[in-house]
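Subject: Structure for your review

Dear colleague,

Please find the structure below, together with its sequence. My notes on it follow, and I would be grateful if you read them alongside the coordinates.

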Amino acid sequence: VASSQPRFSSTLPGRYYYDPAIFERERERLFGRLWTCVGLAQQLPRPGDFRTVELAGESILLLRTTDDELRAFYNVCRHRGARLCTTRQGHASGALQCLYHAWTYALDGRLIGAPNILQAADFDRTAYGLLPVPLTLWQGLLWLSLAEQPPSLATQIGPALFERFGDQPTFDRYTVGHLTAARTLVYSVAANWKIIVENFTECYHCSPVHPEFVRLLPGFRTATAYSGPGYAGTPLADDVEAFSITGRASRSRLPGLVDEDERLYYGFVLPPNVLVNLLPDHVVIHIAEPIGPAQTQVTCHWLFDPTMAVEPNFDPSDAVELFDLVNRQDWQVCELTQQGVRSRAYHHGGLYVPSEYELRQFNDFVLAHLAEEPTGAD
Ligand code: FES
Ligand SMILES: [Fe+2]
């Protein structure tokens with residue numbers, strides 16, 4: 001992969017990280033068309049639970065219906081367009097009612113109440129249900145697409161999985177969709193979303209930025225831990241028991257794993273906005289939500305074996321403290337980078353070094369989606 005490209009070449013120009021016009025273009029062509037991850041299914045455990053999320057400038061209502069199905073709708077009343085749900089999350093007992101003229105919708109989106117007109121012979125209530133948004137549930141992650149005919153999620157994230165695991169079923173053994181998020185932290189980072197994803201794709205920074213991390217995973221000291229499709233994971237240091245702040249193990253390995261997974265770490269990006277870390281006894285998932293050209297909200301979930309996570313004395317803090325530390329180290333350098341990209345000294349961009357080839361792949365992915373349509377398309 002890397003060898004066919006020049007060893008040193010320019011990164012994206014600085015404007016890609018602060019220009020509002022490019023941010024708008026990303027909203028339209030990337031987040032408005034691709035599948036974007038907006039959270040975990042387990043954040044909506046009971047029928048009637050709802051969340052509202054922002055996607056490409058739209059407010060989207062995510063909910064679990066009375067029939068226990070996950071659905072997504074534009075959070076827009078079909079009467080005169082008022083915002084329907086006004087809180088980030090909540091519980092609706094059976095129906096949602098607009099504050100303005102009290103149109104009422106069932107949780108499956110049907111219009112079931114419209115004062116004085118619902119029964120009118122010339123009013124077709126079936127034409128005024130909430131507008132659905134395509135939703136895919138994959139490994140416990142909820143993905144939305146605003147495209148009218150979205151391609152399959154597999155075509156979007158399959159290449160990243162192949163890059164990391166080849167054709168091996170390694171990832172499936174972690175059964176990510178069955179794990180329990182025992183801790184969730186939300187970070188507000190003053191950096192463009194791409195800076196955050198790019199930082200995750202390269203381990204060139206690990207040695208200077210993450211001394212605790214490379215102490216546990218010495219393969220990251222040399223910036224060459226990732227070596228192309230199907231690499232074998234990065235082993236824990238011989239003298240540590242587990243990926244935890246103490247280096248000691250306090251949990252057994254996840255139920256689906258086999259001996260060969262026992263001491264390995266894997267990290268990869270599911271484009272455009274999910275960062276995945278697999279450890280023998282837990283999984284850490286970051287979901288990045290672009291807020292503005294220079295502002296991103298990152299939600300980080302720590303996932304564990306569900307049978308262990310319900311134990312009364314279950315304490316995940318040795319795992320949480322470690323990645324929380326790594327996160328804060330990362331956000332610091334991401335914010336420093338954001339401060340530099342506006343400079344005329346960075347106008348034309350910086351430099352990819354050979355070990356940053358995955359960063360370049362991510363940038364190529366972004367550029368491919370931002371490109372103009374071929375003439376005649378759309
Ligand atoms: S805008 Fe919602 S009922 Fe009128
Ligand atoms: Fe990092």
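How far apart do the axes of helix 1 and helix 9 come, and at what angle do they cross? Please bear in mind that this is a predicted model. The axes of helix 1 and helix 9 (residues 357-370) come within 9 Å, and the crossing angle is roughly 80°. Angles of 65 to 115 degrees count as roughly perpendicular, and helix 1 and helix 9 are therefore roughly perpendicular to each other. On the side of helix 1, the contact involves I22, R25, E26, R29 and L30, which meet V366, H369 and L370 of helix 9. Sorted by class, the contact of helix 1 with helix 9 comprises 4 nonpolar, 1 polar and 3 charged residues.

Helix 4 packs against helix 8 (residues 317-341) at an angle of about 125°, and their axes are 10 Å apart. That angle makes helix 4 oblique to helix 8. The crossing of helix 4 past helix 8 is right-handed. Helix 4 contributes I195, I196 and N199, and these meet D330, W331, V333, C334, T337, Q338 and V341 in helix 8. The residues of this contact between helix 4 and helix 8 divide into 6 nonpolar, 3 polar and 1 charged.

I turn next to the aromatic residues. With ring centres within 6.5 Å taken as the criterion, the count comes to 19 aromatic pairs. One of them is formed by F31 and W193, in an edge-to-face arrangement with 4.9 Å from centre to centre and 75° between the planes. This pair links distant parts of the chain, since F31 belongs to helix 1 (residues 20-31) and W193 to helix 4 (residues 193-201), 162 residues apart. Both F31 and W193 are buried.

Another edge-to-face pair is that of F165 and F268, with 5.3 Å between the centres and 85° between the planes. F165 lies in helix 2 (residues 153-165) and F268 in strand 14 (residues 264-270), so this pair ties together parts that are 103 residues apart in sequence. F165 is buried, as is F268. These two residues also belong to one aromatic cluster, which is formed by W138, F165, F171, Y266 and F268.

With kind regards

Methods:
Residues are numbered from 1 along each chain as its sequence is written. Chains are lettered from A and ligands numbered from 1 in the order in which they are written. This is a predicted model: local features need pLDDT of at least 70, side-chain atom pairs count only at pLDDT 80 or more; totals for chains, interfaces and linings use all residues. Side-chain values use heavy atoms; hydrogens and water are left out. Rings of Phe, Tyr and Trp (its six-membered ring) pair if their centres lie within 6.5 Å; planes under 30 degrees apart count as stacked, over 60 as edge-to-face and the rest as tilted. Helices (H or I, at least four residues) and strands (E, at least two) are DSSP runs, numbered from the N terminus. Buried means under 20% relative accessible area, exposed over 50%, partly exposed in between (1.4 Å probe, protein chains only). Axes are lines fitted to C-alpha atoms, for helices over the stretch in contact, and angles run from 0 to 180 degrees between N-to-C directions. Angles under 35 degrees count as roughly parallel, over 145 as roughly antiparallel, 65 to 115 as roughly perpendicular and the rest as oblique. A crossing is left-handed if the near helix is turned anticlockwise from the far one by less than a right angle, and right-handed if clockwise. Contact means heavy atoms within 4.5 Å. Ala, Val, Leu, Ile, Met, Phe, Trp, Tyr, Cys and Pro count as nonpolar, Asp, Glu, Lys and Arg as charged, and the others, Gly among them, as polar.
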